[in-house]
Amino acid sequence: MTVRVGIPKGLLFYEYESFWRVFFESLGVEVIFSPDTNKDIMKNGLKLCEEEACLPVKIFHGHVLELADKVDMLFIPRIRSLHYREYYCPMICGLPEMVKNSVSLLPSVIDDTIDYYKHRYYKGGVVRMGLKISSDQSKIKKAYCKACKGLQNKNDYQKIPTDKNEKSYTIAIIGHTYNLTDHYMNMNLIKKIKGEGFQVLTSCMVSCGKTQPYLSKVPKRIFWSCGREILGAGLYYMHQQNIDGIIYVSCFGCGVDSLIEPYLSQQLKKVRPIPYLVISLDEHTGEAGLNTRLEAFLDMIRWRRSCANHISSYGGNLYSC
Amino acid sequence: MIVSFPHMGSPVPYKKIFECLGHDVIVPPVPSQRTIDMGVKYSPEFACFPFKVLLGTYMEAIELGAKVIISSGGHGPCRAGFYSEVQQRILQQLNMSVEFIIFDSPNHGGYQDFWHNLIRLKGKSSWFHFMRSVNLVYHMIHILDQLERQLEIKRAYEVVPGTCSKTWEKIQEDFSNLVNVSKDLKAIENLSKERIEKINVEVPGEDEKIRIGIVGEIYVVMEKNVNMKLEEKLGALGVEVERSQYLSHWVDYNMIPKWIKHSHEEAILKKGEKYIEINIGGHAKQTVGHIVDYKERGFDGIIHLMPFACLPELVSQSIIPRISQELDIPVISFSIDEQTGLANNLTRIEAFVDLIRNKKRRLIYNKCVAGL
Ligand code: SF4
Ligand code: SF4
């Protein structure tokens, strides 16, 4: 019987899904994902996890429970750092510890460390994980190379529409990848906005190279990878004339957002005051409340465009750079 | 420069070094409810608690006329490194602009900034004088910590309640007023020791003693005004206390290059490895390391302090039940936020101490019975 490895659909899963799937499948194991987040998963997660923890981590616990009795091994890597001189947030670094102590009756857990900061390469950590499944080093290395290839294809960043279409509006949505892609958690936010006829760009669509010029002006180097991505995307979109508004999707209890968001909003006020909305997801947010806020926001954008045709009602032109 | 600094433990060493270097020093008021309220009001909701108290402290310091704030930063996975960027902007919006000088640990890169800051701090004094002042304060920190350690033990057995706390105040005053050059240190140290000698104590038998270690995030462990004066409270209940964080340890670990001195912290980190493999930022790994260390040294219980919304301590909190079980040592956690008053928690603290006391008595009783 083939070994079944379970990968919970939460947190960094959304960014590196293809990599791990290819890697494990090449090693000849069956990969099982937990289902998309649903009510039960959320409920279980809230029950299992410390109360003060952030929402995505809580939901992650729910996914783990979902998989616990269906698989032979659980994959919860300890990802400390994936980029040069950057870390992930402490919760992600300590995720396996948290999960192992909060969820009882777990199967064995693949929880090796990937620490690019210290070792400057990923392969070591990945190979160590592979060794838990197969003892054949060369097979593991091959699987690693194959998985890496898959990763390169992923980086097809989307372009911002350059023609200023009178009829269409473009909104940038920024936030952690998992906040943007877990549609249960964010209550189908992106679909809703698209449904209103808006074009949507997200923070995952901006490449490092584009954000770098803006980030280099930030006095203190941002040492969280996720924070850097979000702030970079925010600053980048802020300087694009075709962006009509920015939505920051943050979540209950997030430590990174708590400092990045105020920084960005102050910067926005100073440089280019375009419509800006912060949506903080938590388990109690009702969908109705979200809809009202969203509609008001979208209306404001439409209204501004129609007025700005005559007189500049906002500082966009004056402050643009 | 008119400088100020945040409180964390005794303010004397900070004050001394800036004074020695010829700056005007404003010692901000100790964190009070007002400080906390102001900080909370203007901070982002999910900023961690130390962020909020520090912001409040800065605001009070600025009210008193501070122009430059000197503090420490970090590059770790945790938020402390980004504190000042955001605080600076919040203060700007409130029209309370100040300049920040942030010292990041040179052990983790960033020598250039460190150097630059040192030069600013040095001001007009000569390098010789600068080194002499640093040396003075470095030794002072170590001496003060040792004295405080002695008091933390004595406090449990003092005859007149409050004597130790008063003595500690006096000692700090002496160091602040009478020490100007390294030569004075010895004399004042002896004077302080005499003061401590003079405290009347009634020490019970070894079996009756209770020792509790306080672990957790550095700010809430060290700053007694935000942690409900926990040490004094425990002392009043007849408990010997040791903190996991002392300024001297922090300085040794963060400011002294590893090739000069191996710090105490490194040994502690090693002990924590079994439970948290990697350093996840903040003091989570120290927290678990210290629990192991205290157990090895025969402590009877642990109090774990975590600031509200502190990410690393959340991780350690979730591991603590397992450690407590494996090592058979009682641990209690307190989450510290703006509403944490002693009144709400006193009963919990007392109950915890009772639990430990009973456990210990039972153990001794069982031993006696077995011995017969
Ligand atoms: S970055 Fe924020 S949302 Fe993500 S795990 Fe950390 S605290 Fe949670
Ligand atoms: S250790 Fe905790 S309190 Fe300190 S900066 Fe990190 S999250 Fe905040």
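Me: What stands opposite Ile303(B) in E8(B)?

Reply: In this predicted model, Ile332(B) of E8(B) stands opposite Ile303(B). Helices (H or I, at least four residues) and strands (E, at least two) are DSSP runs, numbered from the N terminus. Local features need pLDDT of at least 70, side-chain atom pairs count only at pLDDT 80 or more, and totals for chains, interfaces and linings use all residues. Residues are numbered from 1 along each chain as its sequence is written, chains are lettered from A and ligands numbered from 1 in the order in which they are written, and side-chain values use heavy atoms, with hydrogens and water left out.

Me: What makes E7(B) and strand E8 (residues 331-336) of chain B a pair?

Reply: Two strands pair if DSSP finds at least two bridges between them. E7(B) and E8(B) are joined by 6 bridges and run parallel, so they meet the definition. Between them the chain passes through helix H14 (residues 311-327) of chain B, in a β-α-β crossover that is right-handed. That word applies if, with the strands pointing away from the viewer, the path from the first strand over the helix to the second runs clockwise.

Me: Which other strand pairs with E7(B), and over how many bridges?

Reply: Strand E5 (residues 211-216) of chain B pairs with E7(B) in the parallel sense over 5 bridges. Within E7(B), Gly301(B) is the bridge partner of Ile212(B).

Me: Why is strand E7 (residues 301-307) of chain B called largely enclosed by the rest of the structure?

Reply: Because 7 of its 7 residues are buried. Buried means under 20% relative accessible area, exposed over 50%, and partly exposed in between (1.4 Å probe, protein chains only). Both faces are covered: Gly301(B), Ile303(B), Leu305(B) and Pro307(B) are buried on one side, and Ile302(B), His304(B) and Met306(B) on the other.

Me: Why is Leu11(A) called buried?

Reply: Its relative accessible area is 4%, and the cut-off is under 20%, so Leu11(A) is buried. Leu11(A) lies in the loop between strand E1 (4-7) and helix H1 (13-26) of chain A. Although not a glycine, Leu11(A) has a positive phi of about 50°. Most residues other than glycine have a negative phi.

Me: Is Asn95(B) buried or exposed, and how do you know?

Reply: Asn95(B) has 71% relative accessibility, so it counts as exposed. Its place is in the loop between helix H4 (83-93) and strand E4 (99-103) of chain B. The phi of Asn95(B) is positive too, near 60°.

Me: What area is buried between chain A and chain B?

Reply: About 3,400 Å², of which carbon and sulfur atoms give 63%. Buried area is the accessible area (1.4 Å probe) that two parts lose on being put together, summed over both. In chain A, Glu52(A), Lys220(A) and Leu259(A) lose the most area to chain B, together 20% of what that side buries. The contact takes 35 residues from chain A and 38 residues from chain B.

Me: How many salt bridges are counted between chain A and chain B?

Reply: The count is 0; a salt bridge would need a side-chain nitrogen of Lys or Arg within 4 Å of a carboxyl oxygen of Asp or Glu.

Definitions and conventions:
Contact = heavy atoms within 4.5 Å.
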